[in-house]
Amino acid sequence: MQLNISTGRSFAMREQDYSLKTGMQADQLEVSRVLRNTYGLLALTLAFSGVMAFVAQQMRVGYPKIFVVLIGFYGLFFLTNKLRDSVWGLVSTFALTGFMGFLLGPILNRYLGMAGGAEVVSSAFAMTALVFGGLSAYVLITRKDMSFLGGFITAGFFVLLGAVVASMFFQISGLQLAISAGFVLFSSVCILFQTSAIIQGGERNYIMATVSLYVSIYNLFISLLQIFGIMSRDD
């Protein structure tokens, strides 16, 4: 009787170990799938944004009113979130990133019209690629859990929002540079947080993972563009 009980327990433990290993392998496959789809879609959306920015540059369009930007961005963002589990989510993602790329056109024209503007734009582009690549590689290699950064992101958002509002009413020397530097730090932390969320299995939807990383890269590039632009004018 004791032999039968021991044999049964041993079999149950082996079955449990097998189930755990199978579950872990399935999780790893899912993480790999989300990573592959996220970076593939991110590459396509960045390329599409570049095309739309070029179109806007050639058309010489002006930068739209702020309410148009806010309605366009948040409207398409919430639409993408709603359609995240369907093929229409991909259509909405390209609509959102194409819209953001089109907005980038007049910004690039303004900087390219400055003395040394081409160097400012190329420096911002190179630094954005370096920061994103470095931060992504760090998380992918170390596989560290960056979920503890969630509180910093929430606090940082409200601090930056307050600083942006203050800049509309007060002309404080160096405030714009400080805000841009703050957005560089904020965007970098968001990249770490979102990449870690994919690795740790907290983000299973590659469409929303792509949108989150895209927005962080976009804000990082714009902020670096502003910093290099200010430094160029000071020279």
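**Exercise 1.** Work out which domains contribute to the lining of the largest pocket, and which helices supply it.

*Solution.* Begin with the domains: domain 1 (43-113) and domain 2 (116-234) each give at least three residues to the lining of the largest pocket, the bounds coming from an automatic or database domain assignment. This is a predicted model, in which local features need pLDDT of at least 70 and side-chain atom pairs count only at pLDDT 80 or more, while totals for chains, interfaces and linings use all residues. Residues are numbered from 1 along each chain as its sequence is written, and side-chain values use heavy atoms, with hydrogens and water left out.

A pocket here is an open set of points on a 1 Å grid over the protein atoms alone, where a 1.4 Å probe fits, with protein on both sides within 12 Å along at least five of seven lines; lining residues have an atom within 4 Å of a point.

Next, turn to the helices (DSSP runs of H or I, at least four residues, numbered from the N terminus): α2 (66-82), α3 (88-112), α5 (150-169), α6 (175-199) and α7 (206-234) each supply at least two lining residues, and α7 provides the largest share, twelve residues.

Finally, look to the centre, where Phe73, Tyr74, Phe183, Val215 and Asn219 lie nearest among the 42 lining residues.

**Exercise 2.** Find which helix gives the most to the lining of the second largest pocket.

*Solution.* Start from the contributors, since α1 (2-59), α3, α4 (117-142) and α7 each supply at least two residues of this lining. Among the helices, α4 gives the most, with five residues.
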